[in-house]
Amino acid sequence: MEDAVLMSPPAEAAIRCEGLTRYFGEVKAVEELELSVPRGSIFGFLGRNGAGKTTTIRMLAGLAHPTRGKAWICGIETTNADSSARRTFGYLPQSPAFYSWMTPLEYLTYCGRLFGLSASELRQSISQTLELVGLETASRRRIGGFSGGMIQRMGIAQALLHNPPVLLLDEPTSSLDPAGRYEVLELISRLRGRVTVFLSSHILADIERVCDHVAIIRAGRLVLVSERDDLLSRYAVSAVEIEVEPENHPLPERFLAALRSQPWVAEVSQDQLVLRVAVSDQEAARRQLLPLALEFGLIIRRYEWVRPTLEEIFLKVSA
Amino acid sequence: MLISAYLLSIGLMISLPPILAASLRRRFRLPWLLFCAGMLTFAASQAVHLPLNERLAEWGILPGAGRLDNPPLWQTALVAGLTAGLCEELARAAGFALLRRYRALEHGVMLGLGHGGLEAMVFGGVMVAATFSALLPLSGSDLQALPLLPEQRQTLELQLNTLLASPWNAMLPLLERLIALGLQVIFSVIVLQAFSPTGSKYNRLRGAGYILLAILYHTTVDAAAVWLLAKNLNPWLLEGAFALCLLPGAAWLFWRFTSSPPAIHSAAPLAQEWAVFLAALRKEFLQQWRTRRILVVAAVFGLFGMASPLMAYFTPQLLGLIPGGEQFASLVPPPSVADAFAQYHKNITQFGFLLAVLLGMNAVAGEKESGTAALILSKPMNRWAFIVSKFVTQASVYLGGLLLAMIGAGSYTAVLFEASDWNVWLSASALLYLWLLPFVAITLLGSVIGATTSVAAGAALAGSVALLLIGSLPAASSFFPGALSGWAAQLGAGTPPQVWNGGALAATLVLCLVCLLFAIAIFEQQEV
């Protein structure tokens, strides 16, 4: 495992996996997964299609049986068919399915009874959850007539109903339109610090936006675990982007030649009005790059030290 | 008092094994798979044991019916004990060989409970129910008037005396089955010792030694039972002697458990499990109502119930209206109450069976296919509660439907023919209801086995047809649900003799229970 970092001691972990493995015949869907998810974090579980994200979440939820290995949520094993462990988490599958003949109110009442909530707790919890996901007005409508976004919000509602310390969300935004995605991500962000969210996705922008920790799985194997900001800085390339005004186009050859001759410049590339300069010595570049540009009379529209995107890191790591 | 005592004894023989297994499951977090595997090892052993003993009797090695040159008692006891020991212990060893993940002591106990449990249900509950219901009408009657051989009459007298002597005697078969259950558990744990995690030559020899030990122990116990039974001892004394055989094994088992005690699991409180079951039950009833299944069942049963006497009453007239049918109409005897009931019986057995399969086939498969099961089972929903709630709901809906059918049929019969004997309608409908239940249970099992509704439908239909076919075999007919349908027909027709078939009643309940246990065991192992 490359760059794998255990972020907290197992005793403090909200989710912990030890050697979690699942084979489907010859296919190794998940292999020797060692993972520790800190409490209160929003943990992004990234991987290409078929990498093993859903299998991992289904094993965590006790719906799929590991070939070997174990998993715990809040210290209670979930991979041994013990139904009491299911009180510790809420689960949202990739495509949540509900009884179409039920209303959200009836479905949530049913779920609440399974969790042993009293009548008053149930009333309060249902009202709060429906408000949180914005389904109060549809609470007495049949779920069978709901749109995809409403189904997804209903899925989040049923996962949150019993106020679990951990949420397992499998691709919660994959079937939503941009507005729906925004709403769901906002909802997840609001849970930060209160609930540990384990979120699988292949939509990197979503993960980058809400997650504070990231793991990348490739062909069933965990290849990277890190805090998001650590990861971004660790993979940061030393590069500067300079965008100039149109009257500076094309850039003077003398300026480009002078730039390439600097000892701290590693590579120079140009795309229309944007000049990208990879540097070998950041300090020297910080001191000399702007004066050099001004010396050649360039009018600068934007000057920015480049930060890598999660997408770039993901493509690099998961290739 | 006597009847109540026997009903209690029969009920306990059938229900105690699964109750003990349920308690063990909670304490040690054991799967129902092991209990069902035990039931299978028992069934497999008997599939070899019973024909083997028949063949040995043909060869004169074991006593046979009507033979004059029966072998000596010592030989009978030894051979009968040895065949039982060989067949049952080798079947058990095969079971453990297949169940490689289960090597702990408690696993052996659970498998033993399943093995001995099915034995208690079939050779205890069903057989005692059959014997009791057959003998009870003979109490007080003149046995000399019966066409029996002198030795048969003597045996019958002895059985009747034991049966009627005291209600406490009803507890004798229960005691015997409990001792046998304990022995089966001990044999299972002994056989389990044969399966060591390492496969060295020494361990293989040691393993073979354990299997041999289990066979010898089983042989000794069964041989002693055959020997003592032939001595016509006081039945309580006989059970006491039988219990003595249990002692060494029980002491060994106790030592094994105390020397390496298994981890005890802190299961959710029982009240919590039942609360989950009640929540599931509530949802199932709501589903039956919202999806209009209750209305479909009520309409079909109600309609065919009411139509039964109408069809019986108007058939000759309808025949007369058909051109050329007048000549046949005169041949048809005037319709009677018996005809109305025969029509009712035919309608209920045909449409009840179809409804049970059609409405039940997607109960579990449909939820697996749509994904609703995955979401619900990620919550603290016990798999047994998921399955049993579906069975109870369906059984209740059919009960309501059958009541409607009975009221409709009985009322129209009273209007068209003569005042109905409601006792007959009620008894016959109760029998038809019990006849229907195994099909509901088999369909539910099919729905668990099938990954999709169509596969579930095929499995349910195949199981139901197999049940009907096996029930039509002369050797099995009196112990299968078909006997209940025949009994109901006999009641409706008023044909004597009206003899209770307790064996068929008990066998039907056992069949439902076994189907449900298998459905739970399989569902527990499935990924959804």
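**Figure 1. Pairing of A:Cys17 with A:Ala71 in the predicted model.** A:Cys17 stands opposite A:Ala71 of β4(A) in this predicted model. Strand β1 of chain A (residues 13–24) and strand β4 of chain A (residues 68–73) run antiparallel and are joined by five bridges. Both strands belong to an open, antiparallel sheet of four strands, ordered β2-β1-β4-β5 in chain A. At the edges of this sheet are β2 (27–38) and β5 (76–77) of chain A, each of which pairs on one side only. Helix α1 of chain A (residues 53–60) lies across β1, β2 and β4 of chain A, and its direction makes about 120 degrees with that of β1(A).

**Figure 2. The six-stranded sheet of chain A.** An open sheet with mixed pairing is formed by six strands in the order β6-β7-β8-β3-β9-β10 of chain A. Because β6 and β10 (221–227) of chain A each have a single partner strand, one side of each is left without a neighbour in the sheet. From one strand to the next, the twist averages 15 degrees.

Figure 3. Strand β6 of chain A (residues 89–92) is covered on both faces. A:Phe89 and A:Tyr91 are buried on one side, and A:Gly90 and A:Leu92 are buried on the other. In a regular strand, side chains alternate between the two faces of the sheet. Four bridges connect β6(A) with strand β7 of chain A (residues 166–170), and the two run parallel. The bridge partner of A:Phe89 in β7(A) is A:Val166. Helix α4 of chain A (residues 148–160) lies across β6 and β7 of chain A, at about 165 degrees to β6(A).

**Figure 4. Strands β9 and β10 of chain A with helix α10.** Strand β9 of chain A (residues 213–218) is joined to β10(A) by six bridges, the two strands running antiparallel. A:Ile216 has A:Leu224 as its bridge partner in β10(A). Helix α10 of chain A (residues 310–318) packs on the sheet and touches β3 (42–47), β9 and β10 of chain A. The direction of helix α10 makes about 35 degrees with that of β9(A).

**Figure 5. A:Ala215 and the largest nonpolar core.** The largest nonpolar core holds 217 residues, of which A:Phe198 and A:Ala215 touch the most other members. Helix α19 of chain B (residues 502–525) gives the most to this core, contributing 17 residues. Beyond its neighbours within four places in sequence, A:Ala215 is in contact with A:Leu35, A:Phe43, A:Phe45, A:Leu46, A:Leu222, A:Leu224 and A:Val225. Another core, of eight residues, lies apart from the largest one; B:Leu62, B:Val79, B:Ala80 and B:Ala223 are among its members.

**Figure 6. Crossing of helices α3 and α6 in chain B.** The axes of helix α3 of chain B (residues 73–98) and helix α6 of chain B (residues 171–192) come within 10 Å and cross at roughly 55 degrees. This angle therefore makes α3(B) oblique to α6(B). The crossing of α3(B) and α6(B) is right-handed. B:Glu89, B:Arg92, B:Ala93 and B:Phe96 of α3(B) meet B:Phe187, B:Ser188, B:Val191 and B:Leu192 of α6(B).

Figure 7. Chain A has 10 helices and 14 strands, and its C-alpha trace spans about 75 × 45 × 35 Å along its principal axes. Of the 319 residues of chain A, 41% count as buried. Among contacts in chain A between residues at least 6 apart in sequence, 70% join residues at least 24 apart.

Technical notes: Residues numbered from 1 in each chain as written. Chains lettered and ligands numbered in written order. Predicted model: local features only at pLDDT ≥ 70, side-chain atom pairs only at ≥ 80, totals over all residues. Buried ≥ 20, exposed ≤ 12 C-beta atoms within 10 Å, placed from the backbone. Contact = placed C-beta atoms within 7 Å. Core = buried A, V, L, I, M, F, W, Y, C linked by C-beta atoms within 7 Å. Pairing = 2+ DSSP bridges. Axes fitted to C-alpha atoms, helices over the stretch in contact; angles between N-to-C directions. Parallel < 35°, antiparallel > 145°, perpendicular 65-115°, else oblique. Left-handed = near helix turned anticlockwise from the far one by under 90°.
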